[in-house]
Amino acid sequence: MPAPVHVLRVALPTPLPRLFDYLPPGGMAADAVAVGQRVQVPFGKRDVVGVVLGHGPAAEGVDLREALALPDPAPLLQGELLASLRWLAGYLHAPVGEVLATALPAALRRGEPLPETATFGWRRSEAGETAFPAMRAGKPRALAALLDAPRSEDWLDDAAPGWRSTMRSLRDRGLVERIEMELAPATGPRTPGDAAALFRPNDEQQAAIDAIRDARGFVPLLLDGVTGSGKTEVYLQAIADCLARGKQALVLVPEIGLTPQALARFRARLGVPVHALHSGLTDHERAATWLAAARGQARVVVGTRSAVFVPLPEAGLLVVDEEHDGSYKQFDGIRYHARDFAILRARALAVPIVLGSATPALESLHNAASGRYAHLRLRHRAGNATPPRVRIVDVRKRPLQAGLGDEALRAIRAAIDAGGQVLVFRNRRGYAPVLLCHDCGWSAHCPRCSTPDKPTPMTVHAHGRRLQCHHCGHRRPAPQACPDCASLGLQPQGNGTERIEAELQARFGDVPVLRIDRGSTGQRDALQAHLDRLGDAPGILVGTQMLAKGHDLPRLTLVVVVGIDEGLFSADFRSGEKLAQLLVQVAGRAGRAERPGEVLLQTHHPEHPLLQTLVHGGYHAFAEGELALREAAGFPPFAHLALLRAEAKQADPPMQFLQRAAAGLAEADPDIVLHGPLPAPMPRRAGYQRLQLVVSAAARRQLHAVLDALVPGLHASPEARKVRWSLDVDPVDLY
Ligand code: ADP
Ligand code: ZN
Ligand code: ZN
């Protein structure tokens, strides 16, 4: 019998949960190809890039195709990262090929060659040195002046934001040149004393720093500190310790937390290049940073959600800032949670992980209370800052102007007259949430999302001229007259940030009124430019939760929160937690510096227990009560959930698909708890009927056992072909 042919087992980015066999390219021996190498293969009519996960004898009687190429000489994914990703695929019950593709930077996933990872900088050319003294004043000269020594691109990012276009014109004139720079030494602050001496850590900070420094191996530490308590200082010192031991550090920050301000603070303090990873970079830049981490060149990586996938061959410390933040959860494709995966990686890497927040997730508080996490508390604001005074303002029966009561308007006036800045927080974009006919009661609903029993209002934008659905993006001009009764009495109901902005501009013409939301400031740099324009002068910011964190606003003395009442009565079991976190985070923006801050919570429900507990007991009192409720009701963290979603143009196929799944789950384990199949809380979106099935188990192992029994067969089921479906393990939203 001839020896069997050896093939490569390849993970490909397809929903099919299996590996694919290929002959090695160009007659190579299969075992000359390493596990973790990228490989380009023909798949159907396309070429795709996969990852080799093994070798083995070919199955008999199968037509084998030959792989096309190996883009790299060595494995790209290996060691701990590869093992953790395989574990993640199992945990999410997701195809390993898609998980690996999600982890790779887009450029590498497409098969592009490995980018250079050196640090680059700029210096004056010989011609530049000669020409410099005679250059005319202006931007080019100012930039050339900064190059009195070779400067790294990181340095230029801090010192001369927007330097690239000017530099390009200087290079075109032959006056400057781009050079590869030596990496700064991996230890020590930039100037002696810099890292330690800016502040002397207070006792609570010092205790936290010591606890992190003394942690050996895998230790999760919850850094539970009120806003402004100096958590970032603790991270910085812990990272400096990590660098001094010759190790790499990874810091995860929320989507809107990674501001130029925050990066500058890290760079200034650590004295090594700090590599940023966020959505504002090009694919090429992201790939270069990922690879620099893999090669051990990047010593500190600070990034948003997907930075959790960087390789860390010399890991020493992981940090997750604002660990409760919703942006750590990926809501489509591979639905991972970056905080949870970071914890898994820290365990695999045997390093400490610090989870920081002023409003820790209930899961994390529960883990701290049960002793699984070390609990480090910072109860006081650092320096001289005092906590803001929070007041509930009852607006029942009071006149409101664009949602603002007299008391709030008077407080805004007073704060401005005292030279302060004011934040008016409303978590709803647009001009008004609803367009209503005053004569017949008609209102504008999204044609693609509404159902008869669940109308989905379209939000009014552009001062009443446009309607927009915030769920599916559908837009249309607002009608001039009521489509039902032809009345001209159409009125925007309720208040979005646009309308509040207009009202405040009309009332407070003497100061700038700036709106900060996804409509006004798409880019992180645009937001910074906005805030720079305000500077230190008195003024008013109107915004959504984009303003709840990230940028330091030291002049902010008053925060007015409006429109929270709808959030008090939401059905989702996490809505109370989310609202409490949001309120505490927004309130924490006030009085971060020397000036005391004040927070007004405007409501029609002043006696609501959530508000009362928060204001009088604080976040931890709220959390304690909420955890007791979750335990009684059997919700996380006292149960483990998975959410199976299905949608189609008609409601029948999703129902049949979910019924089949429910039957399969009940057969695998008669004790498993199922809720549904039921219409999703939003039963129709963008023209699709949406249904869901919630799977709940007291133990994680029980949940995974039934999913293991169900999911492989689900892919192959005839019902699956008629629907779009997804499985979400540990769902954050039941939507
Ligand atoms: P958090 O991340 O907990 O909200 P930060 O780390 O941003 O807090 O610190 C809040 C403010 O207090 C910052 O301006 C920081 O520079 C300052 N700060 C931090 N630690 C100290 C300290 N030990 N003494 C004085 N000021 C401090
Ligand atoms: Zn009408
Ligand atoms: Zn819609």
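Helix α10, residues 231–244, supplies the largest share of the shell around ligand 1, namely 3 residues. Helices here are DSSP runs of H or I with at least four residues, strands are E runs of at least two, and both are numbered from the N terminus. The shell as a whole has 17 residues, and the closest are F199, Q205, G228, K231 and T232; a residue is counted as near when one of its heavy atoms lies within 4 Å.

Before I continue, please note that this is a predicted model, in which local features need pLDDT of at least 70 and side-chain atom pairs count only at pLDDT 80 or more, while totals for chains, interfaces and linings use all residues. Residues are numbered from 1 along each chain as its sequence is written, chains are lettered from A and ligands numbered from 1 in the order in which they are written, and side-chain values use heavy atoms, with hydrogens and water left out.

Which atoms of ligand 1 do Q205, G228 and T232 approach? Q205 places a polar side-chain atom 2.8 Å from a nitrogen atom of the ligand. G228 has a backbone N or O atom 2.8 Å from an oxygen atom of ligand 1, and a polar side-chain atom of T232 is 3.0 Å from an oxygen atom of ligand 1. On its own, ligand 1 exposes 560 Å², of which the protein buries 80%; these areas come from the Shrake-Rupley method with a 1.4 Å probe.

I turn now to the zinc sites. For the zinc ion that is ligand 2, the coordinating atoms are the SG atoms of C437, C440, C482 and C485, at 2.3 to 2.4 Å. Donors are N, O and S atoms within 2.8 Å of the metal, or 3.2 Å for Na, K and Ca. The spacing of these donor residues in sequence is C-x2-C-x41-C-x2-C. Among them, C437 in strand β20 (434–437) and C485 in the loop between β23 (475–477) and β24 (490–493) link distant parts of the chain, 48 residues apart. C437 counts as buried because its relative accessibility is 1%, whereas C485, at 35%, counts as partly exposed. Buried means under 20% relative accessible area, exposed over 50%, and partly exposed in between, with a 1.4 Å probe and protein chains only.

The zinc ion that is ligand 3 has the SG atoms of C446, C449, C469 and C472 as its protein donors, 2.3 to 2.4 Å away. Along the chain their spacing is C-x2-C-x19-C-x2-C, and both C469 and C472 are buried. Why is the arrangement around ligand 3 called tetrahedral? The 4 donor atoms subtend angles of 108 to 112 degrees, and therefore the arrangement is tetrahedral; for four donors, that term requires all angles to lie between 85 and 135 degrees. The site of ligand 2 is also tetrahedral, with angles of 106 to 113 degrees.

Finally, some backbone details. Most residues other than glycine have a negative phi, and most peptide bonds are trans. A486, in the loop between β23 and β24, has a positive phi near 65 degrees and is exposed at 55% relative accessibility. H93 has a positive phi of about 55 degrees, and this residue is buried at 12%. Cis peptide bonds join P636 to P637 and G676 to P677, each with omega about 5 degrees.

Terms used:
Tetrahedral: all angles 85-135°; square planar, octahedral: opposite > 155°, others 65-115°. Polar contact = N/O pair within 3.5 Å; in protein donor to acceptor, adjacent residues only side chain to side chain.
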